[in-house]
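Here is a short report on the fold and a few of its details. Take a look at the structure before reading on.

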Amino acid sequence: MKILLTGGAGYIGSHTAIALIEAGHDVSVLDNYSNSSPEAIKRVEKITGKNIALHEADAADKDKVMSILKKEMPDCIIHFAGLKAVGESVDKPVEYYRNNIDTTLTLLECMRELGLKNFVFSSSATVYGDDHKPPFTEEMTKGMCTNPYGWTKWMQEQMLADAAIASSKFASQSRGAKGSEDEATDWKEPLSVVLLRYFNPVGAHESGLIGEDPQGIPNNLMPFISQVAVGRRDHLTVFGDDYDTPDGTCRRDYIHVMDLAEGHVKAAEYAAEHTGTEVFNLGSGTPYSVLEMVHAFSAACGSEVAYEIGPRRAGDIQDSWANADKALKVLGWKTRRGIDEICRDAWNWQSQNPQGYGE
Ligand code: NAD
Ligand code: UFG
């Protein structure tokens, strides 16, 4: 299939490009590099030996997106483009709602006009909010999000599911009929939407050529640990050790980014065979605490990662992990890499690229 990745130069998109190419698909990328570098795609080309059409554009710019989609006419769009920093979203809600919502609406309008059908969306376990106890299953009601970033995912899921319903209704009505007066608002194809709820993506491609390269001070645990290990930061602050867990620190479902990437291959192939909306958790189902991650990383890099215990971080939930049975049953997908591979590959990337792509 021809698959277009919005935000494909970013962390998850670049790893997914490799998995898609290895599965025999053709990949193109649309990115505005607001949080990435074209260097990531050059490295993907080096790893795979394949050329990738690279389009610099804002995914909310309808004219540009239309002309790129007309050129590519992809069988599937995987929509990674978005702003993703939870803390920043609290300070810049307007930018987060504008960017994340607009990109999805623009893509939907363009798909409708061009009759494109298949869409895979990067959602997040954050949509479960803190209303439920893990393991989270897809049929649980979406919860109350604790930040604007989470709400953008929640809303985008809703918009996509609503569009899929409308597209199936109008596409079947207008089939064989003359359609409505406004061609632009007629759905030509019933949409197929796959919503992927990621748990905590971590690690890097095993080559060490691509990996996570956050700008400024990392918000997330694993890149922070990696930067302490490589000497860019003095120590990690563990946000709270007074939770009701065995060692007092929060537990998460860390998923190797290449396992996540392979989940996208299955999701895109599934989308091509179906219509309507389907939701899948992509996680391992196994939680690890913050301190367990610190110790596993210390073992992988061969030196103790310095840390101190600090106060809890506002908005953190104690526990989050997936029930990923549906992805196994329907997509035939499950994680294959464990915590040791995660830490090995994260360290391999960080130690080979201490300053990320910026060197
Ligand atoms: P990332 O920031 O590395 O990648 C996002 C990419 O989108 C970047 O290359 C950025 O330049 C691009 N982008 C942003 N806005 C754009 C726009 N308007 N037009 C074109 N390109 C734009 O992030 P990531 O970790 O690879 O995340 C990918 C997706 O997965 C995001 O939607 C994110 O919210 C979601 N997600 C990530 C995590 C995580 O922990 N990394 C967890 C759950 C969901
Ligand atoms: N943590 C620390 N110190 C740090 C960074 C994190 O102790 O410097 C702890 C956090 O308190 C949390 C755990 O490490 O207990 C994981 O934190 P991350 O920031 O790496 O990940 P979150 O689970 O908070 O957030 C992730 C994604 C979000 C997504 C959310 C819910 O980054 O995009 O999962 O799915 F919204």
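## An edge of the sheet

This is a predicted model. Strand β2, residues 26–31, pairs with β3. The two run in the parallel sense, and four bridges link them. Asp31 has Glu56 in β3 as its bridge partner.

## The whole sheet

β2 and β3 belong to an open sheet of seven strands. The order is β3-β2-β1-β4-β5-β6-β11, with parallel pairing. β3 (53–56) and β11 (276–282) stand at the edges. Each has a single partner strand, so one side of each lacks a neighbour in the sheet. From one strand to the next, the twist averages 20 degrees.

How many residues of β5 are buried? The count is seven of seven, and the strand is mostly covered. Asn118, Val120, Ser122 and Ser124 point one way from β5. Phe119, Phe121 and Ser123 point the other way. Both sets are buried.

β5 pairs with β4 in the parallel sense, over four bridges. Here Ile77 has Phe119 of β5 as its bridge partner. β5 also pairs with β6 in the parallel sense, this time over seven bridges. In that pairing, the bridge partner of Ser123 is Arg197 in β6.

## Helices across the sheet

Helix α1 covers residues 11–22. It lies across β1 (2–6), β2, β4 (76–79) and β6 (192–198). Its direction is at about 170 degrees to β1.

Helix α8 covers residues 257–273. It lies across β1, β4, β5 (118–124), β6 and β11. It runs at about 160 degrees to β6.

## Glu72, a buried charge

Glu72 is found in helix α3, residues 62–72. It is buried, yet it has no salt bridge. Which side chain of opposite charge is nearest to Glu72? It is Lys2, 4.0 Å away.

What does Glu72 touch, leaving aside its neighbours within four places in sequence? Its contacts are Lys2, Leu4, Ser28, Ala53 and His55. Lys2 is therefore both a contact of Glu72 and its nearest side chain of opposite charge, while a salt bridge needs a side-chain nitrogen of Lys or Arg within 4 Å of a carboxyl oxygen of Asp or Glu.

Methods:
Residues are numbered from 1 along each chain as its sequence is written. Chains are lettered from A and ligands numbered from 1 in the order in which they are written. This is a predicted model: local features need pLDDT of at least 70, side-chain atom pairs count only at pLDDT 80 or more; totals for chains, interfaces and linings use all residues. Side-chain values use heavy atoms; hydrogens and water are left out. Two strands pair if DSSP finds at least two bridges between them. Axes are lines fitted to C-alpha atoms, for helices over the stretch in contact, and angles run from 0 to 180 degrees between N-to-C directions. Contact means heavy atoms within 4.5 Å. Buried means under 20% relative accessible area, exposed over 50%, partly exposed in between (1.4 Å probe, protein chains only). Lys and Arg count as positive and Asp and Glu as negative; His and the chain ends are not counted.
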